[in-house]
Amino acid sequence: MGWSTRQIADLAGTTLKSVRHYHDVGLLDEPERASNGYKQYGVTHLVRLMQIKRLTDLGFSLADIAAQGDGRDHPEQALRTLDAELGATIERLQRARLEIAMLLHESLPTDLPPELGAAAAHLTTADRQFITFASTVLSPTALDAYCDLLRSTPQLPTDPEFDDLPADADSATTRDLAERMAPHVRQLAARFPALFADTDGDRQRVTRALSVAVEDLYNPAQREVLRQVAAFNATDPE
């Protein structure tokens, strides 16, 4: 006496929907039907179904299982590949747990890269968004220098003025602020030369990307100040 679809699903510890799907994708042979028209599964179907369930529980995809055929041979290479993938997943999850622990312990925001969280948590929303974006385009060397800059540099005297600068500030106000910011920016550039360690081609790409971010995140007066700071420092003989 055979088993119905629901009975064999229960025996194998899977679902009726899964059994039907395995038929649809060709992993499980269709059984013969009894005189009443219902499917009648046998022991070979149950063994195959249990094998499929075991392999999926281990992490094999249905495509991987299909590639192995009926599974009579020992799938050594497939197991080694899966083991390597699982090892990489475990490492990723362990890193995620460490990052979560740091976020909880230090009450850090989740919108910043973990290496920048404590150093940049006090910044304005625009600055934080700029830093998050910058972390996606800077080289690892430049990003490390950026982290060092944020961690070791106290707030500049001109920072509050720049943060609170109204969008319609007049040209005299923006020029005065830019003149006072320029020396501080020049000193930071000298202290952290690795910020500009990218190759020329990458530097152009990064500069264009950061320019777009500045355009999106800062108001017209703030953008004008940054433009003037860059212009002052570009013409400085030092």
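The crossing of α10 and α12 is right-handed, a crossing being right-handed if the near helix is turned clockwise from the far one by less than a right angle, and left-handed if anticlockwise. The structure is a predicted model, in which local features need pLDDT of at least 70 and side-chain atom pairs count only at pLDDT 80 or more, while totals for chains, interfaces and linings use all residues. Residues are numbered from 1 along each chain as its sequence is written, and side-chain values use heavy atoms, with hydrogens and water left out.

The axes of helix α10 (residues 171–191) and helix α12 (residues 220–235) come within 8 Å and cross at roughly 50°, which makes α10 oblique to α12 (angles under 35 degrees count as roughly parallel, over 145 as roughly antiparallel, 65 to 115 as roughly perpendicular and the rest as oblique). Axes here are lines fitted to C-alpha atoms, for helices over the stretch in contact, with angles from 0 to 180 degrees between N-to-C directions; helices are DSSP runs (H or I) of at least four residues, numbered from the N terminus. In the contact (heavy atoms within 4.5 Å), α10 contributes T174, R175, L177, A178, E179, M181, A182, V185 and R186, and α12 contributes A221, E224, V225, Q228, V229, F232 and N233. These residues divide into nine nonpolar, three polar and four charged, where Ala, Val, Leu, Ile, Met, Phe, Trp, Tyr, Cys and Pro count as nonpolar, Asp, Glu, Lys and Arg as charged, and the others, Gly among them, as polar.

For helix α1 (residues 5–12) and helix α3 (residues 43–58), the axes come within 9 Å and cross at roughly 50°, and the two helices are therefore oblique to each other. The crossing of α1 past α3 is right-handed, with I8, A9, L11 and A12 of α1 meeting H45, L46, L49, M50 and K53 of α3; the residues of this contact comprise seven nonpolar, one polar and one charged.

The largest pocket holds about 1,700 Å³ of space. Among its 43 lining residues, those closest to the centre are F130, Y146, V185, L188 and L226. Two or more lining residues come from each of α7 (125–137), α8 (140–152), α9 (159–163), α10, α11 (200–217) and α12, with the largest share, seven residues, supplied by α11. The lining of the largest pocket divides into 25 nonpolar, seven polar and eleven charged residues. A pocket is an open set of points on a 1 Å grid over the protein atoms alone, where a 1.4 Å probe fits, with protein on both sides within 12 Å along at least five of seven lines, and lining residues have an atom within 4 Å of a point; the volume is the space filled by probe spheres set on the points.
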